[in-house]
Amino acid sequence: MSPPRPEPRTLVRMRTQRQVVDYSLQKRALLREVLSGRLGTYEVCDASPYLKNAARFHGEPTDRRCPICRRENLTLVHYIYGDELKQSAGQARTRTELPVLAMTFREFQVYVVEVCRACAWNHLVEQFLLGRDGLNDEPGAEAAAAVGSSTSGSSATGVGAPATKRRREARR
């Protein structure tokens with residue numbers, strides 16, 4: 001018997017990808033509940049018609065079979081959320097669109113959901129943050145930012161300015 005292959009990541013690490021949360025342990029626990037009979041398949045195979053359509057039109061096919069029905073391969077759907085996205089928030093996007101969006105917007109959250117189009121199994125696979133703000137996380141960027149803020153005036157003004165801007169945007 002050959003050793004099990006490690007499951008491939010859903011998204012090759014992008015330059016601005018950060019704060020990755022993996023839900024594989026939660027998925028394993030849920031599947032254990034289903035296989036033991038404590039949960040029925042109707043309770044876990046509950047994908048909405050919108051999610052199934054997103055999988056059909058925006059999804060990325062995988063080579064992994066559905067763990068419930070084992071009839072069809074799973075499809076990954078990437079949903080984006082963020083304040084800066086405005087009307088685009090909550091939309092499903094293809095994986096090829098994500099690097100372009102990451103360079104366009106400062107910060108947004110990506111949720112990756114796996115979906116079986118046959119039996120409606122769906123589960124959150126991972127979530128992560130993308131955007132231009134991630135470019136500042138490179139080594140040495142913090143020291144350069146500290147030098148820039150100390151020469152630009154008082155540190156209280158530099159720290160309070162973004163918070164004030166956010167409060168003004170929230171009032172609108």
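Start with Arg38, which counts as exposed at 58% relative accessibility. For burial, the cut-offs are under 20% relative accessible area for buried, over 50% for exposed, and partly exposed in between, with a 1.4 Å probe and protein chains only. Arg38 forms a salt bridge with Glu33, and the closest N and O atoms are 3.3 Å apart. Glu33 is partly exposed, at 30% relative accessibility.

Some housekeeping: this is a predicted model, where local features need pLDDT of at least 70, side-chain atom pairs count only at pLDDT 80 or more, and totals for chains, interfaces and linings use all residues. Residues are numbered from 1 along each chain as its sequence is written, and side-chain values use heavy atoms, with hydrogens and water left out.

A salt bridge here is a side-chain nitrogen of Lys or Arg within 4 Å of a carboxyl oxygen of Asp or Glu. How many salt bridges does this rule give? The count is six.

Another one of them joins Lys27 and Glu114, at 2.8 Å from N to O. Lys27 sits in helix α1 (residues 24-36) and Glu114 in strand β5, so this pair ties together parts 87 residues apart in sequence. Helices (H or I, at least four residues) and strands (E, at least two) are DSSP runs, numbered from the N terminus. Lys27 is buried at 14%, and Glu114 is buried at 1%.

Last, Arg18 pairs with Glu107 in a salt bridge, with the closest N and O atoms 3.3 Å apart. Arg18 is in strand β1 (residues 18-22) and Glu107 in the loop between α4 (98-104) and β5 (108-115), 89 residues apart. Arg18 is buried at 11% relative accessible area, whereas Glu107 is partly exposed at 38%.
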